[in-house]
Amino acid sequence: SILEKHSEKTLFTSGILRRRVFMLVKMPEVSSRDGAVVTHWYLGLNSRVEKGQDIVEVSSDKATFDVSSPCAGTIINIFKQKGQKAVSGEVIAEVRE
């Protein structure tokens with residue numbers, strides 16, 4: 001699975017209890033042992049994203065494909081920049097629901 005609940009943070013704002021959930025975006029399984037290279041980010045930090053929306057393009061030695069957001073939310077971290085490699089299962093971004 002390319003998504004995983006990362007953490008829950010509880011915030012108190014004006015006496016109202018709110019939870020924020022962070023989802024990890026992971027590199028999907030690729031056939032290459034070397035993983036895949038991030039070739040293009042469609043959206044940047046603090047961009048609003050819908051569940052299933054393509055957020056990054058990655059290329060392995062055999063294919064180029066898109067990785068979509070696991071949830072609706074905001075991209076709060078990008079861990080792999082354009083040109084960097086990631087192996088299967090490695091976290092490449094984080095989305096706050």
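User: How many bridges join β3 to β5, and in which direction do these strands run?

Analyst: Helices (H or I, at least four residues) and strands (E, at least two) are DSSP runs numbered from the N terminus, and two strands pair if DSSP finds at least two bridges between them. Here 4 bridges join β3 to β5, and the two run antiparallel. Within this pair, H40 stands opposite E57 of β5. Please note that this is a predicted model, in which local features need pLDDT of at least 70 and side-chain atom pairs count only at pLDDT 80 or more, while totals for chains, interfaces and linings use all residues. Residues are numbered from 1 along each chain as its sequence is written, and side-chain values use heavy atoms, with hydrogens and water left out.

User: Which strands form the open sheet, and in what order?

Analyst: In a regular strand the side chains alternate between the two faces of the sheet. In this model, 4 strands make up an open sheet with antiparallel pairing, in the order β6-β5-β3-β8. The edges are β6 (64-68) and β8 (85-86); each has a single partner strand, so one side of each is left without a neighbour in the sheet.

User: How many helices and strands does the protein have?

Analyst: The protein has 0 helices and 9 strands. V49 stands opposite G73 in β7.

User: Is E94 buried or exposed?

Analyst: Buried means under 20% relative accessible area, exposed over 50%, and partly exposed in between (1.4 Å probe, protein chains only). E94, which lies in strand β9, has 6% relative accessibility and therefore counts as buried. Across the protein, 37% of the 97 residues count as buried.

User: With which side chain does the side chain of E94 make a polar contact?

Analyst: A polar contact is a pair of N or O atoms within 3.5 Å; within protein, one must be able to donate a hydrogen and the other to accept it, and residues adjacent in sequence count only if both atoms are side-chain atoms. The side chain of E94 makes such a contact with that of N77, at 2.5 Å. N77 also stands opposite E94 in the strand pairing.

User: Which residues touch the most other members of the largest nonpolar core?

Analyst: A nonpolar core is a set of buried Ala, Val, Leu, Ile, Met, Phe, Trp, Tyr and Cys residues joined through side-chain atoms within 4.5 Å. The largest has 21 residues, of which V25, W41, I55, V56, V58, I75 and I92 touch the most other members. At least two residues of this core come from each of β2 (16-26), β3, β5 (54-59), β7 (73-78) and β9 (91-96).

User: Where does S47 lie, and what is it in contact with?

Analyst: S47 lies in the loop between β3 (36-41) and β4 (48-49). At 18% relative accessibility, S47 counts as buried. Leaving aside neighbours within four places in sequence, S47 is in contact with G73, T74 and I75. A polar atom of the S47 side chain lies 2.8 Å from the backbone oxygen of G44. S47 and V95 are 48 residues apart in sequence, yet their C-alpha atoms are 9.6 Å apart in space.

Key
Contact means heavy atoms within 4.5 Å.
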